[in-house]
Amino acid sequence: MMTAPLKGIRVIDWTQVQSGPSCTQMLAWLGADVIKIERKGLGDPTRTELLDYPDMDSLYYLQLNCNKRSIELDMKTTEGKEILTRLLETADIFVENLHPGAVDKLGFSWEEVHKINPRVIYGTIKGFNDDSPLASVKAFEPVAQCAGGAAATTGWYKGEYDIPTQSGAALGDSNTGMHLLIGLLAALLQREKTGEGCFVQQSMQDAVINLCRVKLRDQLILEHTGVLKHMPQYPDGTFTDTVPRGGNVEGGQVLGWCYRCKGWEKDPSAFVYIVLQNEMKPFAAAAKAIGKPEWIDDPKFNTPDAREKVKEEIYAAVEAYTITREKMHIVEELGKLGVPCGPVLSMKEIAEDESLRKCGTIVEVDQPGRGKFLTIGCPPKFSNYIPEVKPAPALGEHTDEVLKEIGYTPEEIVSLRQKHVVCK
Ligand SMILES: CC(C)(COP(=O)(O)OP(=O)(O)OC[C@H]1O[C@@H](n2cnc3c(N)ncnc32)[C@H](O)[C@@H]1OP(=O)(O)O)[C@@H](O)C(=O)NCCC(=O)NCCS
């Protein structure tokens, strides 16, 4: 039997851009009824960001707002506030990610919402925690990556590109949304016991810092020993008092690197990542495969500590093997031998990958007015539930429907429209 885990849970979603919407989209995929409040006449700013067709909602919006309902509401009017109050009376979760202080100023702080409905769980995303000196600062993705330790520790470690570097993955935005999701799901279980909702705050800075745990580990090691043997700066380079950028090192003590493959001159994704494990069995398998069986008995190579000292020599030898072969061929060959490895896949390759489509990772959605577009489906896969990825709503598409559900009469809805409290 297919039972949506969050069936019967109602979410009032006053979020925008990526961090908050990524969280509420997951709630919707898990079966919650997500009602998105959007600014009158404008909607979520991403609706019009990076347009690929002039008169259609952007892919940015569509990929983050599937399975939601949209109401267009002027929250700066008395009537708009009354509508939100009535919605909150029916809600389980309220989520917002406006700029610091914005929602409080409009009368919907945690304290106020808790008074309206003590069962409501209140989720909020800000760039920084309340206690931070930066608490009032607005934040976008790179702000969080920079303030969360990711940018300082990512990127190249020598030459003119030795500069803080962002990840292409949305560590500041969607990662924060997933952190908030964990908090909200835990709060739902907690409410089963207490009968009361709670306030769940997730800062973007914290969400990034949480993913930089191993960099804090490195900071402590550096302070104790003065070196980081697993980093490319060891043994020949120098260390300062802080964790340096590590290029493509694996991050633990296993020796990993990203190698050029056949065709790399023209194809920026013709690369493969290969890890040489510490244990002798998988190390020996890799050594034989790349044509270096002599490493197995050579003390210069046959222990993890020894290998750290000759990283550059090892990287060169592995690349002599990879550079003449296709990346997929290498992964097939080494994968069979138990060597951890992975192809560098371009977004084009990911979009076209049949196996990713088959397992619901890449999903095709038929969006009214646009036709089919690709999105990324629900990452966790359940044994008894397959989320159906549905289209994203048009701006205000469900305004009347939702207002009726909370008791507004057709006449009252007409009047709200005449007063421009709601649009569509
Ligand atoms: C993303 C961010 C930088 C954008 O800031 P912004 O340009 O000031 O936009 P906001 O939507 O937050 O606020 C704009 C205004 O719209 C108003 N607004 C929002 N929804 C409204 C509605 N439905 N009706 C009426 N007014 C509305 C807000 O009250 C605010 O008014 P104010 O400036 O008078 O206080 C900011 O919201 C932020 O830092 N959010 C927290 C961190 C975060 O999630 N960042 C996004 C990462 S993807």
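A residue counts as buried here if 20 or more other C-beta atoms, placed from the backbone, lie within 10 Å of its own. The model is a predicted one: local features need pLDDT of at least 70, and side-chain atom pairs count only at pLDDT 80 or more, while totals for chains, interfaces and linings use all residues. Residues are numbered from 1 along each chain as its sequence is written.

Take helix α3 (residues 78-89) to start with; helices are DSSP runs of H or I with at least four residues, strands are runs of E with at least two, and both are numbered from the N terminus. Its buried residues are G80, I83, L84, L87 and L88. Among the elements covering them are β1 (10-14), β2 (33-38) and α17 (399-405), with contact meaning C-beta atoms within 7 Å.

Then there's the greasy part. A nonpolar core is a set of buried Ala, Val, Leu, Ile, Met, Phe, Trp, Tyr and Cys residues joined through C-beta atoms within 7 Å. The largest one has 63 residues, and V11, I12, L27, I93 and F94 have the most contacts inside it.

As for sheets, an open one of three strands runs in the order β7-β8-β9, with antiparallel pairing (strands pair if DSSP finds at least two bridges between them). β7 (255-260) and β9 (341-343) sit at the edges with a single partner strand each, so one side of each has no neighbour in the sheet.

Definitions and conventions: The expected span of a helix is 1.5 Å times one less than its number of residues. A residue is buried if 20 or more other C-beta atoms lie within 10 Å of its own, exposed if 12 or fewer, and partly exposed in between; C-beta atoms are placed from the backbone. Two residues are in contact if their C-beta atoms, placed from the backbone, lie within 7 Å.
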